[in-house]
Each structure stands twice: as structure tokens, then as C-alpha cells.
Amino acid sequence: MAATFFGEVVKAPCRAGTEEEEEDEEERRETPEDREARRQLARKREVRLFRRQTKTSLEVALLEKYPCSKFIIAIGNNAVAFLSSFVMNSGVWEEVGCAKLWNEWCRTTDTTHLSPAEAFCVFYHLKSNPSVFLCQCTCYVAEDQQYQWLEKVFGSCPRKNMQVTILTCRHVTDYKTSESTSSLHSPFLKALKTQNFKEPPCCSLLEQPNIAHDLPAAVLSYCQVWGIPAVLYLCYTDVMKLDLVTVEAFKPILSSRSWKGLVKNIPQSTEILKRLMTTNEIQSNIYT
Amino acid sequence: MKKEYLHTLQGTRDERLRRMSFVLRSLWNIQMDMSFGSWIHVSHSDGHLFQVEYAQEAVKKGSTAVGIRGTDIVVLGVEKKSVAKLQDERTVRKICALDDHVCMAFAGLTADARVVINRARVECQSHKLTVEDPVTVEYITRFIATLKQKYTQSNGRRPFGISALIVGFDDDGIPRLYQTDPSGTYHAWKANAIGRSAKTVREFLEKNYTEDAIANDNEAVKLAIRALLEVVQSGGKNIELAIIRRNQPLKMFSAKEIELQVTEIEKEKEEAEKKKSKKIA
């Protein structure tokens with residue numbers, strides 16, 4: 001027996017194996033009630049991909065069903081607002097699927113008119129060039145759901161001849177630096193790329209010991225493991241809600257070579273962005 | 001703490017027990033790690049006062065305010081928050097008069113600002129009644145700063161989440177501009193900005209605040225508007241401006257007056273650009 005710092009008395013593990021351990025194992029064995037609870041929880045937390053128009057689920061992974069040369073993923077409401085204003089207005093995009101999931105932090109919405117302030121995860125492809133895909137994800141994907149999401153989107157054996165760009169935001173207080181945070185010029189952009197991504201990124205690389213988190217990190221790691229060229233553009237901002245200044249911080253990406261042809265009318269995009277902000281502005285009177 | 005551990009009601013009995021004990025241990029660790037950092041009146045082991053720093057973050061969430069001290073004028077310019085359709089615009093104000101000769105603009109928590117402004121206004125009148133003289137700008141700034149500092153050193157309270165720019169003229173006719181922050185410090189400035197994008201505006205002012213730029217009242221007003229236009233997205237529509245001239249009361253600019261100034265500034269910009277392109281050619 002051993003005592004912990006918190007005053008608990010616990011059994012110290014013994015590699016020899018004794019009769020007492022068998023008694024403990026019997027106690028720890030799952031009851032049918034436990035198994036049922038675990039099954040229900042797993043079913044509730046399942047990530048499902050389906051087509052909203054036909055309400056049918058996608059049997060195979062999204063990128064196995066459709067060929068893809070370019071995949072842009074926007075995670076978070078500011079990144080989604082950026083794509084909606086600057087990329088989606090310069091072509092006709094068709095919805096090919098959406099992800100439905102539940103976790104303690106969010107449930108994806110079922111409404112048809114989506115705004116960046118709601119929780120959703122929708123996939124589109126460009127009608128004029130169906131190998132260009134776009135994903136707008138504003139819902140939080142929990143750690144245990146990330147691998148499911150990756151499998152349902154990329155499949156178990158993804159193609160290596162596509163390029164993935166991920167856009168997301170993080171609060172500037174998460175940025176580790178030897179300078180004082182008050183001297184940082186936020187919002188600012190940092191890039192993190194896989195080994196196979198050869199194009200020069202549109203901003204400086206993310207310095208150590210800073211790391212990416214959540215779904216963007218999961219996608220980037222997945223691409224690194226499978227040798228897919230991918231880049232993550234991380235915007236550090238001091239305003240996590242939908243904010244014009246933060247959305248505009250992503251603008252340097254528009255000059256990237258792989259985005260040529262995807263962005264056409266920038267003045268019109270700025271107008272669309274302003275309208276989006278006004279429609280979605282949460283009238284909070286806490287700060288003036 | 002892993003987010004899924006917060007939801008402790010699901011899973012097998014063993015899992016639920018393990019999660020509960022994990023949550024309790026994490027809460028204990030957080031308290032020990034922070035070394036009472038959440039207790040405002042006690043410092044963290046490395047000297048930080050976290051509550052004060054959090055209050056400074058709240059200031060960054062407020063819209064930008066800029067203050068400029070001219071030769072014969074003081075100017076306060078703010079980025080107006082967009083108001084809901086059914087909301088009365090008059091009740092959303094960032095520039096407030098503290099007395100006939102002193103006014104202030106703030107950035108941060110609206111409710112905290114209201115409390116500070118009320119206390120400052122009462123102090124201004126109390127001083128006038130007691131000493132038969134209006135407050136000096138420095139006196140009322142020190143009062144506000146002292147009030148803020150008290151709240152960084154009291155148990156059961158939190159610091160005021162606002163920074164303020166206080167401007168005015170003293171009896172000696174000298175224009176003053178002071179800035180206070182949640183920690184209770186105050187300093188005099190020639191020009192400064194607070195709130196969102198304050199850094200961008202301050203850098204603009206460092207480059208453009210010259211003797212020529214404040215040569216006359218109109219130039220000082222234009223400098224304030226130009227500084228705000230660096231960060232305000234929709235142009236003059238979202239700017240509010242107030243000035244105090246020597247021996248004159250506070251004057252709030254109307255939307256038309258601001259538009260006129262913005263138009264002038266844009267003309268000057270165009271002319272400057274034309275000159276530049278001619279020089280290059």
C-alpha cells in the first residue's frame with residue numbers, strides 16, 4: 001500500500017501478480033449496465049457525414065468519393081468568415097456534404113442559412129473545377145472525435161497529390177514568446193507546414209515552443225504522416241469572436257500561388273465581409 | 001483539463017469515479033499552481049498580479065480612443081460602437097464630461113466606466129464646494145488612479161477593467177492629457193491611444209505628431225481623425241470627436257462636421273499621392 005500527496009491510500013502496483021489482484025479484477029469487470037452506457041456514449045459521439053439535400057449519409061470517405069487537388073479547411077468563425085467573403089464569392093460552390101457531431105461543447109446546427117456565429121461543418125467543391133474542395137468548420141471537434149473526422153473526410157488511404165491549406169485562429173495569450181505580450185502587434189499570422197509542402201508560406205513560421213491545437217493540429221499531423229503537402233496558417237488575435245480586423249489578418253494568404261484563380265474581386269469581397277460583420281454582430285454592451 | 005472530463009455523468013462506474021477524482025485533483029492543482037494568483041491582493045510567486053493583467057486584457061476589448069494635446073486645444077476621438085436598431089444611441093457614449101473643463105474617454109468594461117465616471121463627477125463637485133476652485137486635470141486623474149489602485153489591493157474586489165484618457169485645461173491655461181490604466185498608474189502624454197488597435201494608432205502618432213501637426217486647432221483635430229482612420233473600418237461614420245478649447249466648454253462634433261474633416265483629409269491624401277507619382281515620373 002502507498003500514500004499519495006492528496007492523502008489517499010492506494011494499492012501500489014505489483015508486477016509479481018498475487019491472488020488479491022484476481023479479486024480486484026472481478027470487481028473491475030464491466031457490468032452490462034456499464035457496457036450499455038459506454039455504447040450509448042460512443043453512438044452519441046459518432047461523427048457522421050451526410051448530404052443535406054438528400055439527407056443520406058456518405059458511405060465512403062469524402063475525398064475517396066471525389067478527386068481532390070486542393071483542399072482548404074477553415075476552422076473557427078473568423079477563418080470561416082474570411083473564406084465566405086474572399087473565396088466563396090468568386091465562383092459557384094456546391095455543397096457536397098456536411099458533418100454532424102455532438103460533444104459536451106457543441107452540437108452542429110441543422111439550419112440551412114448558416115452564419116459564422118453558429119456551429120457547423122460543411123464541405124463544398126468548386127463547380128467550375130470540382131477537384132477544389134473547401135471545408136468550413138465552426139464546431140468544436142473533441143479529441144476523441146478528431147480521428148473519426150479525419151477518417152470520414154480523408155479516408156484510410158488518402159491521395160498524396162493534393163495540397164491542403166488550413167486556416168484557424170488562436171488567442172494571442174497562447175503565443176509563447178520572450179517579448180512582453182503587450183508589445184505584440186496582434187492579430188498576426190504564423191505558418192506551420194508539413195515536410196512535403198515546398199511552396200514558401202505567406203508569413204513567418206511558427207517558432208518553438210508554440211504548438212498547434214485541436215482539429216488543425218490533427219489535420220496537419222495526419223498530412224505529415226501520409227506525406228501530403230499541407231500548411232496551417234494560424235492567426236493569433238486578441239478577439240476570438242467574429243471580428244473584422246482578425247478576418248483581414250488572413251489577407252496575405254490571398255497572394256499565395258496555390259490560391260490563384262480562387263480569388264477574383266477583392267473590393268467586392270471587402271464589402272461582403274462588412275455586411276457579414278453587421279449581420280452577425282453580437283450586440284454585446286459589456287465592452288465599450 | 002481535458003474537455004471531455006468535465007462531463008462526468010456518462011460512462012461506466014469506474015470511469016465516472018476516475019473522472020471525478022481527476023477533476024477534484026485538477027482543481028486542487030490549479031489552486032496550488034496559481035499560488036493564490038486569483039486572489040487580487042496577493043502576488044503570484046513571480047510577481048504578477050494576474051487580476052490586473054486580466055483587467056488590462058478587458059481594456060483591449062473596448063473600441064479605440066485617441067487623445068491629442070495641441071497648443072490651444074485638446075482633442076478626444078473614439079471609434080463609435082455600432083448600435084442595435086432599437087437601441088437609443090445617446091445611451092452608448094465613450095466620451096463623458098467630468099466637469100465643465102475636464103472630460104474623459106474610456107475603453108473597456110462599460111459598467112466599470114460608469115462607476116468610475118460617477119465617482120469622479122462627485123469628486124469634482126465636492127472639490128469645488130470645499131475648496132471653491134475647480135479641480136485640476138492632474139488632481140482628478142490622481143483621484144481616479146487612486147480609486148483604481150485601491151481595487152487592486154482589496155480582498156473580495158477586482159480591478160476596474162477600464163483605461164481612461166482625461167483631457168482638459170487648468171486655470172493656468174495649459175492643456176493637459178493624462179492616461180490611467182487598471183493598475184492605478186497614470187502618466188501625462190502629448191498624444192496617446194487606448195483600446196483595440198491602440199498600438200497601431202500609437203505608432204501612427206509617434207510618426208505624425210509634430211509641431212506642424214498641432215500648429216493650429218484644425219490640424220490637431222485632423223491628426224486625431226487621421227489616427228482613428230488607420231483602424232476604423234467604415235470611415236467617418238464610426239467616429240465621435242470632442243474638443244476643449246481654452247476657456248471654452250466641451251464641444252462634441254456633429255456627424256456632418258466629422259464628415260467634412262474626413263473629406264478634407266481624403267483630398268489631402270489624394271493630392272499628396274499625385275505629387276508623389278509626379279516626382280517618381
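Entry 1, Asp214(A). I looked up the accessibility of Asp214(A) and found a relative accessible area of 28%. I note that the model is predicted. The residue sits in helix 6 of chain A. I also checked its backbone: phi is positive, about 55 degrees, although Asp214(A) is not a glycine.

Ser197(B) is not a glycine, yet I read a positive phi of about 55 degrees for it. I placed Ser197(B) in the loop between strand 8 (191-194) and helix 5 (198-208) of chain B.

I found one joining Ser186(A) and Pro187(A), with omega about 0 degrees. Pro187(A) belongs to the loop between strand 9 (163-171) and strand 10 (188-193) of chain A. I found another joining Gln208(A) and Pro209(A), again with omega about 0 degrees. Pro209(A) is in the loop that runs between strand 10 and helix 6 (214-226) of chain A.

My search of the whole structure gave 23 salt bridges over all chains. I went through some of the pairs.

Arg196(B) pairs with Asp238(A), and their closest N and O atoms are 3.3 Å apart. This pair crosses between chains: Arg196(B) is in the loop between strand 8 and helix 5 of chain B, and Asp238(A) is in the loop between strand 11 (230-237) and helix 7 (244-248) of chain A. Buried or exposed, I asked of Arg196(B)? I logged Arg196(B) as buried, because its relative accessibility is 9% and the limit for buried is under 20%. Asp238(A) is buried as well, with a relative accessible area of 9%.

Lys199(B) forms a salt bridge with Glu203(B), with 3.4 Å between the closest N and O atoms. The two are 4 residues apart in helix 5 of chain B, so about one helical turn separates them. I read 23% relative accessible area for Lys199(B), which is partly exposed. Glu203(B) is partly exposed too, at 31%.

Arg245(B) and Asp217(B) meet through their side chains in a salt bridge of 2.9 Å, N to O. Arg245(B) lies in strand 9 (residues 239-245) and Asp217(B) in helix 6 (residues 217-229) of chain B, so the pair ties together parts 28 residues apart in sequence. Arg245(B) is partly exposed, with a relative accessible area of 28%.

I also noted a network of salt bridges that links Glu219(B), Lys222(B), Glu264(B) and Glu268(B).

Glu259(B), Glu266(B), Glu270(B), Glu271(B) and Glu273(B) form a negative patch. I placed Glu270(B) in helix 7 of chain B. A positive patch is made up of Lys274(B), Lys275(B), Lys278(B) and Lys279(B). Lys278(B) lies in helix 7 (residues 255-280) of chain B. I logged Lys278(B) as exposed, because its relative accessibility is 68% and the limit for exposed is over 50%.

Technical notes
Residues are numbered from 1 along each chain as its sequence is written. Chains are lettered from A and ligands numbered from 1 in the order in which they are written. This is a predicted model: local features need pLDDT of at least 70, side-chain atom pairs count only at pLDDT 80 or more; totals for chains, interfaces and linings use all residues. Side-chain values use heavy atoms; hydrogens and water are left out. Patches are made of residues with over 30% relative accessible area and no salt bridge: like charges are joined within 9 Å, nonpolar side chains (Val, Leu, Ile, Met, Phe, Trp, Tyr) within 5 Å. Accessible areas come from the Shrake-Rupley method with a 1.4 Å probe; for residues, only the protein chains shown count as cover. A salt bridge is a side-chain nitrogen of Lys or Arg within 4 Å of a carboxyl oxygen of Asp or Glu. Lys and Arg count as positive and Asp and Glu as negative; His and the chain ends are not counted. The place of a charge is taken as NZ of Lys, CZ of Arg, CG of Asp or CD of Glu. Buried means under 20% relative accessible area, exposed over 50%, partly exposed in between (1.4 Å probe, protein chains only).
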